Amino acid sequence: MHDELLLWCSERGAGSLDAFRDAYAWLEKRQLENTAPDWRIALYNLQVLGHAEVDWEARTWSVTPPVLTTMPNSGGHALLVGQRPLWLMQRLARLHEEPNANVAALAQSVVPIPPLRQADGPSVRMLTMADPEDCRALCEALGIAFEDRAADQLALRLPRFQEMLSERGTQRGPGGIEPQKMSEGGEGDIWRDVEGHGEPPLHGAYRYQRYNTHRHIYWIGMSGFIADKRTVMYAELARTERWVLRYNALRQELYAPKRMQLPHLHARAAILRSGLLPQLATLNPQTGPQQPILEHKGYVKYVNIDEPFARQVAESLYQKLQLVP
């Protein structure tokens, strides 16, 4: 279903969230088992995988251009990100039959591999390559972009809170109805009801009910910065000095709480290291009187993450990376 959804997005190019929701519902009805996630989750997954850009406030989406990018520590694999129009997928599947002699020659060293299916997102599409320059030459012949280690390039350019919180402007006065504030810990729902109308001056992460959805605002005194949920949450984590990111150097895996997953650009950078959506995971640290057992499957993990990359992601969010065995 998700491969068909990405094909529809690739051929459509752009549209409204309503159009995406309708297309998703039509595809969902064809499923033998109703195991598909909510359409918003499906669209968000396309966003963090690098296939689409989404403006949730304006309620629009657009597909990103196709790009082949190399991945560190992958044994010579390149990842296809972005638009997957039918013509491109057909040409990649038949490189040896290309009438263009240059492309046919490159098919000896740049070879598509079978799709790697994953739940809740389109299949991972990769090519093996003997030399990155051959991959670059193939992209030039096909008219698509090539980027060496796009994940690492993005990690170097990850925005800080000052940029993320100012992108959508500021709020004066209440942001909606039924105000809630992000709690500083505890079990259950991390959003707690507050008294009053949630009017400034305030400090911390708040959410409000607005048009059958939530608007998230990070308040600093009289100024409320409108942002996505995860940006607001990590701003609050930084303010309260709660260090939630974990890293396993042996497995080269980065962990974030499943209720506090990375903001979308940070998640995209981590995902581009493998092309895989984060998966639910549990941590099993050595336990002792000063080290309690962590929540069962309370984390998601990002794979093929070396320590310098993990630290770049953590530092951009003002997190102190916690190492686990």
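Colleague: Where does Pro201 sit?

Modeller: In the loop between strand 13 (191-193) and strand 14 (202-210). Strands are DSSP runs of E with at least two residues, helices are runs of H or I with at least four, and both are numbered from the N terminus. This is a predicted model, in which local features need pLDDT of at least 70 and side-chain atom pairs count only at pLDDT 80 or more, while totals for chains, interfaces and linings use all residues. Residues are numbered from 1 along each chain as its sequence is written, and side-chain values use heavy atoms, with hydrogens and water left out.

Colleague: And the peptide bond from Pro200 to Pro201, cis or trans?

Modeller: Cis, with omega near 5°.

Colleague: Next, strand 14. Is Ala205 buried or exposed?

Modeller: Ala205, which is in strand 14, is buried, at 0% relative accessible area. Buried means under 20%, exposed over 50% and partly exposed in between, with a 1.4 Å probe and protein chains only.

Colleague: What does Ala205 touch?

Modeller: Leaving out residues up to four places away in sequence, Ala205 touches Gln180, Lys181, Met182, Trp191, Ile217, Tyr218, Val232 and Glu236. A contact means heavy atoms within 4.5 Å.

Colleague: What separates Ala205 from Pro263?

Modeller: They are 58 residues apart along the chain, and their C-alpha atoms are separated by 14 Å.

Colleague: Changing topic: which residues of helix 1 are buried?

Modeller: Helix 1 covers residues 2-12, and its buried residues are His2, Leu5, Leu6, Cys9 and Ser10. Down the axis they fall within an arc of 140°, so they line one face of the helix. The arc is taken from the directions from the helix axis to the C-beta atoms.

Colleague: Why would residues three or four places apart point the same way?

Modeller: Because an α-helix has 3.6 residues a turn.

Colleague: What do the buried residues of helix 1 pack against?

Modeller: Helix 2 (17-29), helix 3, strand 3 (60-63) and strand 8. After helix 1 comes Gly13, with a positive phi near 90°.

Colleague: Which residues other than glycine have a positive phi?

Modeller: Arg59 is one of them, at about 60°, and Asp120 is another, near 70°. Arg59 is in the loop between strand 2 (52-55) and strand 3, and Asp120 is in the loop between strand 7 (116-118) and strand 8.

Colleague: What is the relative accessible area of Arg59 and of Asp120?

Modeller: Arg59 has 38% and Asp120 has 33%. Arg59 therefore counts as partly exposed, and so does Asp120.

Colleague: What about helix 4, which residues are buried there?

Modeller: Helix 4 is residues 86-93, with Leu88, Met89 and Leu92 buried. Their arc around the axis is only 95°, which puts them on the same side of helix 4. What covers them includes strand 5 (77-81), strand 6 (110-112), strand 9 (126-129) and helix 6 (132-142).

Colleague: Thr69 next. What lies 2.9 Å from a polar atom of its side chain?

Modeller: The backbone nitrogen of Ala150. Thr69 is in strand 4 (residues 67-70), and at 2% relative accessibility it counts as buried. Not counting residues up to four places away in sequence, Thr69 touches residues including His77, Leu79, Val81, Glu147 and Ala150.

Colleague: How many cavities of 30 Å³ or more are there?

Modeller: One. On a 1 Å grid over the protein atoms alone, a cavity is a set of points where a 1.4 Å probe fits but cannot get out, and lining residues have an atom within 4 Å of a point. Grid points are joined across faces, edges and corners, and the volume is the space filled by probe spheres set on the points.

Colleague: What lines the largest cavity?

Modeller: Among them are Leu49, His51, Arg84, Gln118 and Gly275. Strand 5 and strand 8 (121-124) each supply at least two residues of that lining.

Colleague: And how much space lies in the largest pocket?

Modeller: About 1,700 Å³. A pocket is an open set of points with protein on both sides within 12 Å along at least five of seven lines. It is lined by 48 residues, and Arg40, Tyr44, Trp56, Asp228 and Lys229 lie nearest its centre. Helix 3 (residues 39-48) gives the largest share of the lining, seven residues.

Definitions and conventions
Polar contact = N/O pair within 3.5 Å; in protein donor to acceptor, adjacent residues only side chain to side chain.
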